[in-house]
Amino acid sequence: MDFQGTGRSIMTEKLGFIGLGNMGLPMSVNLLKAGYKVFGFDTNSQAMEQFEKEGGVGLATAKEVAEQSDIIMTSLPTPQVVEQVYRSEQGIMHHAKKGSLLIDFSTVNPELNESLHKEAQSMGLRYLGAPVSGGVIGAINATLTIMVGGEEDDYQSGSEIFRIVGKNIYHLGTSSSVGTRIKLLNNLMIGFYTEAVAETIVLGEKMGIHADTLYEVLSNSYGQSRIYERNFLEYMKNDNYQPGFSTNLLLKDLKLAKNMAEEAGVPLRIGNKLVDLYSDISQQGYGENDMSAAYLSLKEECKIGQF
């Protein structure tokens, strides 16, 4: 609906967004820009202030967001937090209006998607598991890949939301966990690539090859990858390790992927070692840095300076 001929679309559905962090805040801002009324909650007061500054309606609890909204979205850091926000006495399940659509953009264990889906249905609610890939830049630019699992009708109900916050939207089936399973496979590969980039650049530098030269050649060879491009150009080259995707979050997802592989009876010959590797990197003090800080960790071991 056009608002007084201004071209600004005013949407009638009320949206709720719980989890206004590195991903949730820019996603919610894009929904505000599209003309939606968005209620939001986060435990971080600075995130709440920024959300309100962008035009969002900040509420004091997740319970209040659930009560006010027709579509309730979550973007939360761990399965434990997701479960608390959905299932606690003051959580979404107990306070969402009948028929509300719940969309979880978090990366959790597949079993949690499935149990939340089943519980939501038993309470007259609808649920989609919809993890995303693309990092903070993708959230800001609305270019995220969104991997959606759930009923077709529910997917259609959320399709406009997905088009606003993302670019590559996949409805992968009626299983609420199918998107999560693919997301964990994606992040398993990210774990490989991130360490490969770190080892390649440090070894190259140790042999006197400048990182810029190495990137120029390898980006036009089969060694090219989007993670190499991301980690090097956005972070390492700028000596900036503010987290777009932190080491600790990658480690969390690798553990989930390892558990998924164990249940499937597939030995992760490298993947299991990655859990130990990123645990060590985190314990070195790089847990809250961007995952590209794997380079700093190895450089520290090798006692070489910044390129």
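## Helix α9 against α10

Helix α9 passes α10 in a right-handed crossing. This is a predicted model. Helix α9 covers residues 178-206, and α10 covers residues 211-218. The two pack at an angle of about 125°, with axes 9 Å apart. That angle makes α9 oblique to α10.

Three residues of α9 make the contact: Thr 200, Ile 201 and Glu 205. From α10 come Ala 211, Leu 214 and Leu 218. By class, the contact of α9 with α10 has 4 nonpolar, 1 polar and 1 charged residues.

## Helix α9 against α11

Helix α9 also packs with helix α11, residues 226-236. Their axes come within 9 Å and cross at roughly 60°. The pair is therefore oblique. The crossing of α9 and α11 is right-handed.

On the α9 side, the contact uses Ile 190, Tyr 193, Thr 194, Val 197 and Ile 201. On the α11 side, it uses Ile 227, Tyr 228, Asn 231, Phe 232 and Met 236. These residues divide into 8 nonpolar, 2 polar and no charged.

## Helix α1 against α8

Helix α1 spans residues 24-33, and helix α8 spans residues 152-165. They pack at an angle of about 110°, and their axes lie 9 Å apart. The two helices are therefore roughly perpendicular to each other.

Met 27, Asn 30 and Leu 31 of α1 meet Ile 161, Ile 164 and Val 165 of α8. By class, the contact of α1 with α8 has 5 nonpolar, 1 polar and no charged residues.

Note on methods. Residues numbered from 1 in each chain as written. Predicted model: local features only at pLDDT ≥ 70, side-chain atom pairs only at ≥ 80, totals over all residues. Heavy atoms only, no water. Axes fitted to C-alpha atoms, helices over the stretch in contact; angles between N-to-C directions. Helix = DSSP H or I, 4+ residues; strand = E, 2+ residues; numbered from the N terminus. Parallel < 35°, antiparallel > 145°, perpendicular 65-115°, else oblique. Left-handed = near helix turned anticlockwise from the far one by under 90°. Contact = heavy atoms within 4.5 Å. Nonpolar A, V, L, I, M, F, W, Y, C, P; charged D, E, K, R; others polar.
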